[in-house]
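Hello,

Here is the structure I promised to pass on to you. Have a look at it first, and then read on for what turned up.

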Amino acid sequence: MTGMQAAYGFQLGAPNTRLERCDIPELTPKPDEVVVEVAGCGVCHTDVGFAYDGVPTRHPLPLILGHEISGRVVAAGEKAESWLGRAVIVPAVIPCGSCGACRAGRATICRQQFMPGNDGDGGFASHVLVPCRGLCAVSESLPKGLSLEMLSVVADAVTTPFEAIRRSGLGPEDVAVIVGAGGVGGFAVQIAAALGAAVAAIDIDQERLNLASQHGAGLVLNADANDLKAIKAAVRTFVKESGHKGIGLKIFETSGTTAGQTTAFGLLDHGAYLAVVGFTPRPVELRLANLMAFDATARGNWGCPPEQYPAALQLVLDGKVVISPYAELHPLEEAPALLEAVAKHALRRRVILQPDRNKAK
Ligand SMILES: [Zn+2]
Ligand SMILES: [Zn+2]
C-alpha cells in the first residue's frame, strides 16, 4: 500500500513498562476491514488499566493501545470499498453483528467483539486496521470549532455515558447526579442536561466543577469539602428546588475511583438508578442490600452499540455537547509520558493524541 511504509505506533511491551515506539508493517485489510489513517485517539483510563493496573489485554502483548479513534479510511477490503476516503469515528466496541448476543440486541456483550487496543492493535498510531462494521460516518463540513481529531472522544468518552444515560431512561422530569466531572463525566453532565434533566455534579477538582456549572450542571459539589451526609442533604434540597418530579435519582458514576463509587452508591434513594460508567479494578465495600431496601437498580454498560453513535454525534454537531473545554490535543510522540500523566490523574482534560503526518509519510 502506498504511503504506509512509515506507519508507526506506540505499543505496550509488558505490564508496568513505558509505551515504546514501533513500526507498523504493511496493513492489508480483509474483505470486511478498513485501514484508518488516525486523525486523533483519546487516552482513556482503560488504557491505564492495561498498562499499569494489572488489567490484561485480550490480545497478548506487545500491543498498540488506544480505542478512542477518529480518522479517514485510506484502504478498504472488497466488501468495505464504500468507506474509502470517508471520515469516520471507530466505535470503541465493534460487535460481530451475528452471534446470539448481537441478534438479541445485546451487541455490547458480543463475545466476538473487536475492541481496538485490546483485541488487536489500537489507535495510538498513525494507522489502524479495524472491521468496517459499525463505523460512524462523519460529515466533511463540521461546525466551526470542531475537527475530526477532536471527534475521537465520541468513540468512548461521549458514547459510553450516552448509552448509560439512554438505558436509564433519563427524561426531563428526572434529576441526574454525575459523580466525577472529568473526561467522561463532563460529557455526561452535558448529555443529561441536553435531555432536560436537572443535573448535579460531584468532583474533588474545583476547576472541573466550575466547567460543569458552565455546561449544564445546576448544582456542583466538592467531595473534598463535603462529606457524604452533606452531599446527600445538598442533593435533596436541589431536587426539591428543581421542581423535577421524577421518581428516584439517576446516578452516574463516571470517576472510575473507589471514592466515587462509594459516594455514588451512598446516594441511592427510593427507586434510584445507579449506572457504573467509570472503570477501576479496585474493590469497594458496599451494603448491597441497599438496592433491595430502596427498590433500586444498579447497572453497568460496556461501551455503546454502534447504532447509537449517530445520535450521540448529533448532540456534538448541534452544540449541545461541547468538546473543546474538555479535551486537549498532543502529538502522538508524547504518548508514553501522557499515559503516565493520565495514570497519575495529573491532567484535567481528556488527552487526544495526534500523529505527525510528516513523520508517517
Ligand atoms: Zn475507554
Ligand atoms: Zn456478536
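Let me start with the zinc ion listed as ligand 1. Its protein donors are Cys 44 through SG, His 67 through NE2 and Asp 156 through OD, at 1.8 to 2.2 Å from the ion. Please keep in mind that this is a predicted model. Along the chain, the donors of this zinc ion are spaced as C-x22-H-x88-D.

Next comes the zinc ion listed as ligand 2. What coordinates it? Four cysteines do, namely Cys 96, Cys 99, Cys 102 and Cys 110, each through SG, at 2.3 to 2.4 Å. The angles among the four donor atoms are 105 to 115°, and the site is tetrahedral. For comparison, the ideal angle for four tetrahedral donors at a metal is 109.5 degrees. The spacing of these donors along the chain reads C-x2-C-x2-C-x7-C. Cys 96 belongs to the loop between β6 (87-90) and α2 (100-103) and Cys 110 to the loop between α2 and β7 (127-131), so this pair ties together parts 14 residues apart in sequence. Are these two cysteines buried or exposed? Cys 96 has a relative accessibility of 16% and counts as buried, because the cut-off for that is under 20%. Cys 110 is buried too, with a relative accessible area of 0%.

Now to the sheet. Six strands form an open sheet with parallel pairing, in the order β11-β10-β9-β12-β13-β14. At its edges stand β11 (219-222) and β14 (297-300); each has a single partner strand, so one side of each has no neighbour in the sheet. On average, neighbouring strands are turned by 15° against each other, direction ignored. Val 177 has Ala 200 in β10 as its bridge partner.

Helices pack on this sheet as well. One of them is α3, which touches β12 (250-253), β13 (273-276) and β14, and its direction makes about 160° with that of β12. Another is α6 (residues 228-242), in contact with β9, β10 and β11; the direction of α6 makes about 175° with that of β11.

Enjoy exploring it!

Best wishes

Definitions and conventions:
Residues numbered from 1 in each chain as written. Chains lettered and ligands numbered in written order. Predicted model: local features only at pLDDT ≥ 70, side-chain atom pairs only at ≥ 80, totals over all residues. Heavy atoms only, no water. Donors = N, O, S within 2.8 Å, 3.2 Å for Na, K, Ca; no water. Tetrahedral: all angles 85-135°; square planar, octahedral: opposite > 155°, others 65-115°. Helix = DSSP H or I, 4+ residues; strand = E, 2+ residues; numbered from the N terminus. Buried < 20%, exposed > 50% of the residue type's maximum accessible area, 1.4 Å probe, protein only. Pairing = 2+ DSSP bridges. Axes fitted to C-alpha atoms, helices over the stretch in contact; angles between N-to-C directions. Contact = heavy atoms within 4.5 Å.
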